[in-house]
Amino acid sequence: MTDVKGKPCIICVAITGSLPTKENNPAVPISVAEQVESTHEAFEAGATIAHCHVRDDEGKPTSDPERFARLKEGLEKHCPGMIVQLSTGGRSGAGQARGGMLPLRPDMASLSVGSNNFPTRVYENPPDLVDWLAAEMLKYGVKPEVEAFDLSHILKAHDMQKKGQLAGTPYVQFVMGVKNAMPADRDVFDYYIRTVERLFGKDAPWCAAGIGPNQIVLNDWAVSSGGHARTGLEDNVRIDRDTLAPSNAALVRRVVDLCAKYERPVANLQQARQILGLAAPQ
Ligand SMILES: [Zn+2]
């Protein structure tokens with residue numbers, strides 16, 4: 001493994017997701033105002049990407065472009081330069097409604113390129129929808145983050161890159177620890193890294209997310225292996241087995257501590273945008 005010391009680490013905070021509720025953890029931000037406040041605190045703690053879902057007035061997941069627009073506007077105002085990544089994944093089965101916010105031209109959007117099982121259902125990403133979402137992202141200049149729930153998703157991203165469906169080097173996120181999908185398996189994780197390096201080049205950036213108690217495990221593996229790290233209440237509502245996380249920022253601070261442990265600086269906005277091939281902060 002190459003030496004990772006001194007290599008900036010991007011911290012992504014997944015603030016809300018489509019599942020956690022106030023009953024799971026009162027700190028989960030649901031309204032746009034709560035989301036902006038929670039992201040701002042996480043931004044000050046070191047996060048440079050905000051991965052965002054929105055909820056309706058009942059707290060249910062929605063893809064309402066108007067909600068996304070209000071959130072994006074709030075983040076741009078209160079967290080200037082922060083990379084805004086909108087989720088197109090939260091509403092399996094909703095078809096093209098999942099991409100209805102892409103004309104807002106966020107910096108990034110999540111892109112799932114294949115289907116797999118989730119805890120209680122199938123996470124549906126049919127080929128025609130994947131192609132359509134990728135085309136919309138190209139059309140509006142939105143950088144995709146490819147969500148790899150399985151090895152085949154990394155190879156699919158490579159296939160899409162070759163066909164010109166993805167601009168630039170794909171930014172792949174390894175997701176591990178979703179029940180009924182890929183568990184947090186160290187050998188598989190290492191093979192994911194090798195596959196990204198083989199297909200996209202030695203310097204291709206990648207990141208990793210772990211669900212529930214696997215969050216800190218994947219944070220550790222990613223930071224120590226030269227990748228970038230995702231944290232936040234979407235993936236995990238606890239700071240340890242018996243304690244709810246008090247905020248998204250508290251989860252970000254765990255990653256900041258890991259960066260210190262492995263002697264990696266937390267990427268600033270300039271560095272994060274440069275690593276991802278995004279325009280410099282305004
Ligand atoms: Zn998400």
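Tutor: Axes are lines fitted to C-alpha atoms, for helices over the stretch in contact, and angles run from 0 to 180 degrees between N-to-C directions. The model here is predicted.

Student: With that in hand, at roughly what angle do the axes of helix α1 and helix α2 cross?

Tutor: Helix α1 (residues 32-45) and helix α2 (residues 65-78) have axes that cross at roughly 35° and come within 9 Å. The crossing of α1 past α2 is right-handed. On the α1 side the contact uses Val 32, Gln 35, Val 36, Thr 39 and His 40, and on the α2 side Arg 67, Arg 70, Leu 71, Gly 74, Leu 75 and His 78. By class, four of the contact residues are nonpolar, five polar and two charged.

Student: Which residues of α6 meet α7?

Tutor: They are Gln 215, Ile 216, Asn 219, Asp 220 and Val 223, which meet Leu 251, Arg 254, Val 255, Leu 258, Cys 259 and Lys 261 of α7. This contact has six nonpolar, two polar and three charged residues. The axes of α6 (residues 214-225) and α7 (residues 248-261) cross at roughly 35° and come within 10 Å, and α6 passes α7 in a right-handed crossing.

Student: How are the strands of the sheet arranged, and how many form the barrel?

Tutor: Strands of a sheet pair through backbone hydrogen bonds, either parallel or antiparallel. Here eight strands form a closed barrel with parallel pairing, in the order β1-β2-β5-β6-β9-β10-β11-β12. Neighbouring strands of this sheet are turned by 25° against each other on average, direction ignored. As one case, β6 (residues 108-112) and β9 (residues 143-148) are parallel and share five bridges, with Glu 147 of β9 as the bridge partner of Ser 112.

Student: What joins β12 to β1 and to β11?

Tutor: Three bridges join β12 to β1 (residues 11-14), and two join β12 to β11 (residues 206-210). Ala 229 of β12 is the bridge partner of Ile 11 and also of Ala 208.

Student: Which way do the side chains of β12 point, and are they buried or exposed?

Tutor: In a regular strand the side chains alternate between the two faces of the sheet. In β12 (residues 228-231), His 228 and Arg 230 point one way, Ala 229 and Thr 231 the other, and all are buried.

Student: Where do α4 and α7 lie on the strands?

Tutor: Helix α4 (residues 151-162) lies across β6, β9 and β10, at about 150° to β9. Helix α7 lies across β1 and β12, at about 155° to β1.

Conventions: Residues are numbered from 1 along each chain as its sequence is written. This is a predicted model: local features need pLDDT of at least 70, side-chain atom pairs count only at pLDDT 80 or more; totals for chains, interfaces and linings use all residues. Side-chain values use heavy atoms; hydrogens and water are left out. Buried means under 20% relative accessible area, exposed over 50%, partly exposed in between (1.4 Å probe, protein chains only). Helices (H or I, at least four residues) and strands (E, at least two) are DSSP runs, numbered from the N terminus. Two strands pair if DSSP finds at least two bridges between them. A crossing is left-handed if the near helix is turned anticlockwise from the far one by less than a right angle, and right-handed if clockwise. Contact means heavy atoms within 4.5 Å. Ala, Val, Leu, Ile, Met, Phe, Trp, Tyr, Cys and Pro count as nonpolar, Asp, Glu, Lys and Arg as charged, and the others, Gly among them, as polar.
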